[in-house]
Every structure is written in C-alpha cells, then in structure tokens.
Amino acid sequence: MKTIEPKESLVIKVRKQIKLLEFRVRVVYPYAKLTAEKLTQINATMAKLKSQKEKRKYFKLVEKYLNEEFEPKLKKLSRKQGQILVKLINRQTGQTTFDLIKDYKSGWKAFWSNNTARLFDINLKKKYQPFEDNEDYLIETILDRAFTNGRLVPQSAAQPIDINELDTYWQKKAIELKKDKK
C-alpha cells in the first residue's frame, strides 16, 4: 500500500534539491567563467600569430598547461556537476563544449570526447536553454542571486538573459500548468 506524503515533506524535498543544485552551480561556475576568459585570451593571442605552425605550437603549450592545472580538479566533479558545467560553458562562451573541442582540436576528437562523456551521462552537445529547460531556469536564478549577493563574480553570458523576462515566462507557464490540471 502506498502512503501519501504530506505536502510539507514534498516542499522540504524540493528545497533540498534546490540547495544541492545551488551548491553544484557555485562549485562549477568558476570553471565555466575561467573557460570563457581563457578562450578570449587564446583567441586574442592566436590572432596575433602569423603562421599556422606558431598557432599550433602556442595551442599545444596552452593545452598542456590547462591539462596539468585543471584536469585533476575536473576529474573530481560528480556527474551532475559535469552536466551543469557543460551547460554553463555554453552559457558563458555561446558554444557547446562539443563545438569548442571540434574547433580547437578536431571533429574526431570531439566525437570521441562526447562518446566518453556519455559513459558518465554527460552530453557535450547540451545547450543552456533557460526558457525551455526548468533546471536551466533554476540555474540562472541561482546565478543571478549569487551575483547580487556577491557570492560569485559576475560575468555576462555570451547571449544576455533578462532575468525579469525569464521569471515572467516561467510564472505564466506555471499558471498554464495549474489550469491544465483543473
């Protein structure tokens, strides 16, 4: 026989899930922010280099440094943190992680990276869509609150998001869902 949980326990569960999401976002956001900053630096430096040989040499140096510096930290992320990181990289750079690997390495490397990531339930082609995905909406509100409170250093999204417009959109959607249930 199934027992029906009181509404309070459901509210508590939802609050715990949101707090957990907030923790995960605060852990991975700095990596996404740093990714956007590094890509800007890499692109600026590569634009100054004249030959393809110089560009490849420079990129190999940067890649080696980034691997040594961040790979051990990134390997310690949970699956869910990895999924959020992929979305936030898309938010900050305007490109999916898959496209970034494809542009800077090769399509073959991107293909295999995505297949490997899928073993951990991570899709490198995942886009950040706060107007379509409720979790992305929650992430955006968490980021907005963290920026306002000074918990995270703000960095504009590659495609700016109007938080008021986003809130209005999801409030209307919630009202529609309530009407459909009646």
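**Patches, salt bridges and burial in a predicted model**

Q: What makes Leu10, Val14 and Ile18 a nonpolar surface patch?
A: In this predicted model, Leu10, Val14 and Ile18 make a nonpolar surface patch of about 230 Å². Patch residues need over 30% relative accessible area. Val14, in helix H1, has 37%.

Q: Why is Val14 called partly exposed?
A: Buried means under 20% and exposed means over 50%. Val14 is at 37%, so it counts as partly exposed.

Q: How do you know that Lys19 and Glu22 form a salt bridge?
A: The cut-off is 4 Å between a Lys or Arg side-chain nitrogen and an Asp or Glu carboxyl oxygen. The closest N and O atoms of Lys19 and Glu22 are 3.7 Å apart, so the pair qualifies. The two residues are three apart in helix H1, about one helical turn.

Q: What makes Glu135 and Lys80 a salt bridge?
A: Their N to O distance is 2.8 Å. The cut-off is within 4 Å, so the pair counts. Glu135 lies in helix H6 and Lys80 in helix H3, so the pair ties together parts 55 residues apart in sequence. Lys80 is partly exposed, at 24%.

Q: How do you know that Asp136 and Lys87 are buried?
A: Asp136 has a relative accessible area of 0%. Lys87 has 4%. Buried means under 20%, so both residues qualify. Their side chains meet in a salt bridge at 2.7 Å, N to O. Lys80, Lys87, Asp133, Glu135 and Asp136 are linked in a network of salt bridges.

Q: What makes the side chains of Gln155 and Gln92 a polar contact?
A: They meet at 2.4 Å. The limit is 3.5 Å, so the pair is inside it. The Gln155 side chain also reaches the backbone oxygen of Lys33 at 3.4 Å. Gln155 lies in the loop between H6 and helix H7. At 17% relative accessibility, Gln155 counts as buried.

Note on methods: Residues are numbered from 1 along each chain as its sequence is written. This is a predicted model: local features need pLDDT of at least 70, side-chain atom pairs count only at pLDDT 80 or more; totals for chains, interfaces and linings use all residues. Side-chain values use heavy atoms; hydrogens and water are left out. Patches are made of residues with over 30% relative accessible area and no salt bridge: like charges are joined within 9 Å, nonpolar side chains (Val, Leu, Ile, Met, Phe, Trp, Tyr) within 5 Å. Accessible areas come from the Shrake-Rupley method with a 1.4 Å probe; for residues, only the protein chains shown count as cover. Helices (H or I, at least four residues) and strands (E, at least two) are DSSP runs, numbered from the N terminus. Buried means under 20% relative accessible area, exposed over 50%, partly exposed in between (1.4 Å probe, protein chains only). A polar contact is a pair of N or O atoms within 3.5 Å; within protein, one must be able to donate a hydrogen and the other to accept it, and residues adjacent in sequence count only if both atoms are side-chain atoms.
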